[in-house]
Amino acid sequence: MLLLTMFLGTGILPPTRAYLAAENTIRYLVSRNSKAGETPTLQDITLQDITLQDITLQGITLQDITLQGITLQGITLQDITLQGITPQDITLQDITLQGITLQDITPQDITPQDITPQEFLEKSIVQSLPDGERLVEQGRNLYEQERFNEAVLLLQRAIEVFAGTGDELRQAIALSNLSLAYQQLGQWEKAEDAIAQSLNLLETGRNLGISNEQKQVFAQALDVKGRLQLSRGKAQDALITWQRSGELYAQISSPIGVMKSRINSAQALQALGLYRQARNTLTESIKLLENQPNSLLKATALRSLGNVLRVVGDLEASRQILQQSLTVAQAIQSSQAEADILISLGNTARASGDIEAALEFYKLAVATSTLPSIQVQAKLHQLSLLLEDKQLDAALSLSEQIQSQIANLPETRTGIYAQIQLAESLIKLGKARGKIVNYQDIAQLLAASVRRAKNLGDRRVESYALGILGGVYEETQQLSDALLMTEQALFLAQTIAAPDIAYRWQWQLGILLKKQGNISGAIASYTSAVQTLQSLRYDLVAIDPNVQFEFRDRVEPVYRQLVDLLLRTEGNVEPIQDNLKLARDAIEALQLAELENFFRAACLDAKPEQIDRIVEQDNPTTAAIYPIILSDRLEIILKLPKGEKLHRYVTYQSQNEVETTLAELEQYLREPDRTDDVKKLSRKVYGWLIQSLEKELEESGIKTLVFVLDGELRNIPMAVLDDGEKYLVEKYAIALAPGLQLIEPKPLQPNRLNALMAGVSEKRQIEGREFAKLENVSLELQQIQSEIPKNHALFNQTFTKTNLENKIKERTYSIVHMATHGKFSSKIEETYILTWNQLLKVRDLDNLLRINESKKSSPIELLVLSACETATGDKRAALGLAGIAVRAGARSTLATLWSIDDESTAELMSEFYRQLVNTKVTKAEALQLAQKALWNHKSQDWKRPYFWASYVLIGNWL
């Protein structure tokens, strides 16, 4: 019997590479008589419900014994010898001996102390093993206890034993496990050397994949190699490796093995920005699991799949898969698996914004688990969410519970992380309550964490603890100590190539240097932090899922604080041109990071062009304006067509004042009878953004303004800004750009236009939501048809996802126009378009509109969404609109910020298309002319901004 496999258990790389591998460990008991591809496990066997028959444990034969609760009934232990078991090895605590004759066992032989029946069973198995196998099994136990340094030492000894006996297969397994342990320690070169040696043994000589057992070991070693490659940022290599392991699992008819390879491959695809392929791969994995019998392995695989789906932003699918996982765990009566799954369900509910459900899941996890470490983990999740939701009294009470429990956790990575997370939460709690924070106690807690991490040889955890401790010293104004701790933390993070924590210490170093007056040093540190974040891109969310909850606290400030430093004036000296360009680049990088956090995927995979080049060469009557909201001021950077120089203007208004004004203006714009209030507030915003630029715009002969908007400014149509006499749209054509770059900007070819139109006019009730009738949709589509003869329409019952997909597959359309309800939100699950029978979520829309990409057909020139709206009360709702604009692959998107069910919409759209088809104007100019035509309509009073200001053009304005 071969009692050895990889420590990684399911072999599924968790959705966070900082996640503890031990959590997914499954203890394999591989039998040479197992069916092809099947791997029996010990972890999913509970001693409450199993009969152990004919198992010899070094001289102990347990025949027909059922261990229930735990009771040994009617058994004579007559022929049983306990060999090699010392008094401290065994306890009779919790064992009821009924009707048992104990012969030849003296009190000296057995001491009731510190061992459970399952541990007794496992220790007995380990003791019965040959030396090398025993070393590996002991190493596995240490690995699961997160004592990785000690595990390395035992594995190295085991490798020597196997090399001495010529057992290359077991030597290869031990080397793979050694690589896993090195990966946990961040010793990447040693990890790569160990897995290379393992694969070399498996790919040569007598181990070259002859038997199913050898192929399974080979596949598992490839799983370990893929894990290492993705951790090192080599997503393409990891994908190839996992595809290869999947082929091996298929050869030995192991559906679970194939499934875990696909889940791993999906994460590599996601890291490469190939979202649709990743999603298809995950869908295939779900099908593979459906027919598998219930087991701990199935529950764990489903949980891993649910976690991956959450990280990629498919929250409903994540919830459904995790519920399936929970059902399996309950069926096999594994309370530990249940608790782990409940925590995952809580995280998915939290990502969905369902705070109440998330808190309830975390509470259930605490009640379900019997392990203090999992209970504390669930409580820390709960505490973090309570703080985020400002439930401070509940947070205070819970923090006290955690403090009393956390001291008793073992000295493991999980236990140390728990201490550090508690320290962070205590700081947040003290600040939120306006109380004096007890930094002395927090510093002691963190110092203890540093010592324990050193004892474990765990440099990642040590870096994390040192960095947080540096932050505590910063709070107490001990800047020299803070610098020392932060520099040590950064050195350790860089030594083990952990960019996900390195950026935090680079950022913290920048803060400290700024406080010391070293501005150039601070800028250098901030710049390094931003570069590290950009190198991570999607990986940041993959490595640390909490980032998706805390983007505004843990990512966005890095960019904004760098911009603040770059644009800082020293005396009367203006920032140099290089700093203006760097500030502009940093804001663009932030906006891209926001979109990627929204989509959980890379967003720009086309070949973009710089706006600067378009302004200077293709459209020299255009100016680009970049407003940037900082804590104490509005910075405005202006790019004019002539010359490379950027112009800078400053308005000293606090961020709070700016955001309050914008929120009020957004609200009033949706109310037709608040025109006076709209004028008053839009005049104020005009003064902030445009007034200082008027002279340069006029002297440069500017006709079109392109805004790259920041923050809450994206919820306001710039057309409505008022100088006291005219709205901005009366003087300029206006467009928005989601960043400094556009995808292949080209003018429309009027003689080649063909349109796919779709609309829903009837009242609908979908997914528990009611959508009002849109009486003017039919008129709108009819008028567009009269302007663009080449068209196809999907109306009401024919406007379905399937029909839309079929039409886009049939031919390439230059225009896709949708006149239907829709919603833009900062939550991806709440961003959708209404079809006749379902809500078409933004991801599905993205997939549909890009169907023909593989054929290398022309992209959609113009996507029009004429009855949509941004979510009210959502400061970042425009993220959903920007997301659609960027991800749909259309060169331009025309959309509404609020829905207007009125004849005016049909009139404006008709005029917009008439201008595009019959005159040589840009899209931005066509929209301007259509808005002015509505304003000057002879028979209707559509002058109020409610009717004409809702429309925004995003992307290519040419």
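Reply: What follows describes strand β24 and the elements paired with it.

This is a predicted model, in which local features need pLDDT of at least 70 and side-chain atom pairs count only at pLDDT 80 or more, while totals for chains, interfaces and linings use all residues. Residues are numbered from 1 along each chain as its sequence is written, and side-chain values use heavy atoms, with hydrogens and water left out.

Strand β24 covers residues 892-896, and five of its five residues are buried. Here buried means under 20% relative accessible area, exposed over 50%, and partly exposed in between, with a 1.4 Å probe and protein chains only. Helices (H or I, at least four residues) and strands (E, at least two) are DSSP runs, numbered from the N terminus. Both faces of β24 are covered: S892, L894 and T896 are buried on one side, T893 and A895 on the other.

Two strands count as paired if DSSP finds at least two bridges between them. Strand β23 (residues 862-870) runs parallel to β24 and is joined to it by four bridges. In this pairing, S892 of β24 has L862 opposite. Between β23 and β24 the chain passes through helix α34 (residues 878-887), and this β-α-β crossover is right-handed. Right-handed means that, with the strands pointing away from the viewer, the path from the first strand over the helix to the second runs clockwise.

Strand β25 (residues 951-955) is antiparallel to β24, with five bridges joining the two. There, T896 has Y951 of β25 as its bridge partner.
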